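Please look at the sequence and the structure below before reading on. The text after them walks through the chain step by step.

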Amino acid sequence: MKLDERGILIVISGPSGVGKGTVRQALFNMKGHNLTYSVSMTTRKMRPGEVDGKDYYFVTKEEFEQRIKEDKFLEHAEFVGNYYGTPLDKVNEQLDNGQEVVLEIEVNGALQVKKKVPDCVMIFIVPPSKQALYDRLMKRGTESEDVIKQRVEKANREFKVAPKYDYIVVNDDVNNAADRIMAIIRAEHARTSRSIDKYYELIGETDENSEENIGN
Ligand code: 5GP
């Protein structure tokens with residue numbers, strides 16, 4: 001039995017090429033979870049195999065800028081020449097329904113979310129070594145050399161932001177990384193600040209009464 005009923009907003013970041021997408025898939029393949037993925041909006045070109053509305057909502061720069069004006073994003077950022085943003089509409093509704101909402105976003109957007117939703121859980125995924133990351137970026141073969149170079153530079157800057165996150169998870173093995181994230185989510189549900197109101201309800205005490213006899 002969980003004492004808190006609201007879902008948790010989980011923010012996953014990590015340098016380009018670290019395998020965030022694969023870890024997320026492994027997480028969603030685990031049994032008995034109540035996770036929903038927040039599909040982001042982007043102005044970048046669709047990669048082969050990607051599906052509009054599933055991987056991203058692919059829009060034009062003009063459409064994206066219009067949405068910024070209308071305040072329709074929880075956060076948004078520019079990444080290697082393109083816009084990326086989290087549509088605001090569904091996130092709150094899903095959290096109220098008790099679903100965990102997973103955002104997979106870059107660091108600037110993640111820091112905006114932390115300001116707006118301080119009780120979100122920030123997880124930074126890192127590679128077992130920097131070389132492993134560079135190898136992955138090269139092998140992906142979906143970007144030009146110039147874009148790869150920009151992503152490597154960006155990754156080097158992103159590494160420095162890890163201390164601002166609540167948790168650091170090493171992606172040495174996809175299933176292990178997903179397991180660790182699930183353990184974090186379970187532990188976060190038991191956090192006193194999330195459960196305390198329901199706890200008092202459960203034991204029929206008020207906040208003040210419960211603290212009265214402490215130490216006696
Ligand atoms: P990619 O082009 O490789 O799909 O994504 C590039 C970067 O943008 C990744 O670090 C990814 O996590 C991040 N990203 C994806 N969606 C969003 C979003 O909605 N907001 C922000 N701030 N970053 C995002």
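What follows goes from the domains to the interface between them, and then to salt bridges.

The model is a predicted one. The domain assignment divides the protein into domain 1, made of 1–34 + 98–216, and domain 2, made of 38–97. Between domain 1 and domain 2, 26 residues of domain 1 and 20 residues of domain 2 take part in the contact. The C-alpha centres of the two domains are 19 Å apart.

How can the interface be described by area? The size of an interface is often given as the accessible area lost when the parts come together. For domain 1 and domain 2, about 1,900 Å² is buried between them, and carbon and sulfur atoms account for 56% of it. On the side of domain 1, Arg6, Val101 and Arg151 lose the most area to domain 2, together 25% of what that side buries.

The interface can also be described by its pairs. Between domain 1 and domain 2 there is 1 salt bridge. Arg6 and Asp96 form a salt bridge in which the closest N and O atoms are 2.2 Å apart. Strand S7 (100–104), helix H4 (107–116) and helix H6 (145–158) each give at least two residues to the side of domain 1 that touches domain 2. Sorted by class, that side of domain 1 has 9 nonpolar, 9 polar and 8 charged residues.

Two single residues can now be examined. Val91 sits in helix H3, which covers residues 89–96. Is Val91 buried or exposed? Its relative accessibility is 5%, so Val91 counts as buried. Beyond its neighbours within four places in sequence, Val91 is in contact with Leu9, Ser38, Thr86 and Val101. Asp71 is 20 residues from Val91 in sequence, and their C-alpha atoms are 14 Å apart in space.

Thr36 belongs to strand S2, residues 35–37. Because its relative accessible area is 15%, under the 20% limit, Thr36 is buried. Leaving out residues up to four places away in sequence, Thr36 touches Phe28, Gln94, Gln99, Glu100, Val101 and Val102.

The last topic is salt bridges. The structure holds 10 salt bridges. One of them joins Arg24 and Glu104, with the closest N and O atoms 2.6 Å apart. This pair links distant parts of the chain, 80 residues apart: Arg24 is in helix H1 (residues 20–28) and Glu104 is in strand S7. Both Arg24 and Glu104 are buried.

Asp119 and Arg194 form another salt bridge, where the closest N and O atoms are 3.6 Å apart. Asp119 lies in the loop between H4 and strand S8 (121–126) and Arg194 lies in helix H8 (residues 192–203), so this pair ties together parts that are 75 residues apart in sequence. Asp119 has a relative accessible area of 46% and is partly exposed, whereas Arg194, at 17% relative accessibility, counts as buried.

Glu188 and Arg191 also form a salt bridge, with 2.9 Å between the closest N and O atoms. Here Glu188 is buried, at 4% relative accessibility, while Arg191 is partly exposed, at 41%.

Technical notes
Residues are numbered from 1 along each chain as its sequence is written. This is a predicted model: local features need pLDDT of at least 70, side-chain atom pairs count only at pLDDT 80 or more; totals for chains, interfaces and linings use all residues. Side-chain values use heavy atoms; hydrogens and water are left out. Helices (H or I, at least four residues) and strands (E, at least two) are DSSP runs, numbered from the N terminus. Buried means under 20% relative accessible area, exposed over 50%, partly exposed in between (1.4 Å probe, protein chains only). Contact means heavy atoms within 4.5 Å. Domain bounds come from an automatic or database domain assignment. Buried area is the accessible area (1.4 Å probe) that two parts lose on being put together, summed over both. A salt bridge is a side-chain nitrogen of Lys or Arg within 4 Å of a carboxyl oxygen of Asp or Glu. Ala, Val, Leu, Ile, Met, Phe, Trp, Tyr, Cys and Pro count as nonpolar, Asp, Glu, Lys and Arg as charged, and the others, Gly among them, as polar.
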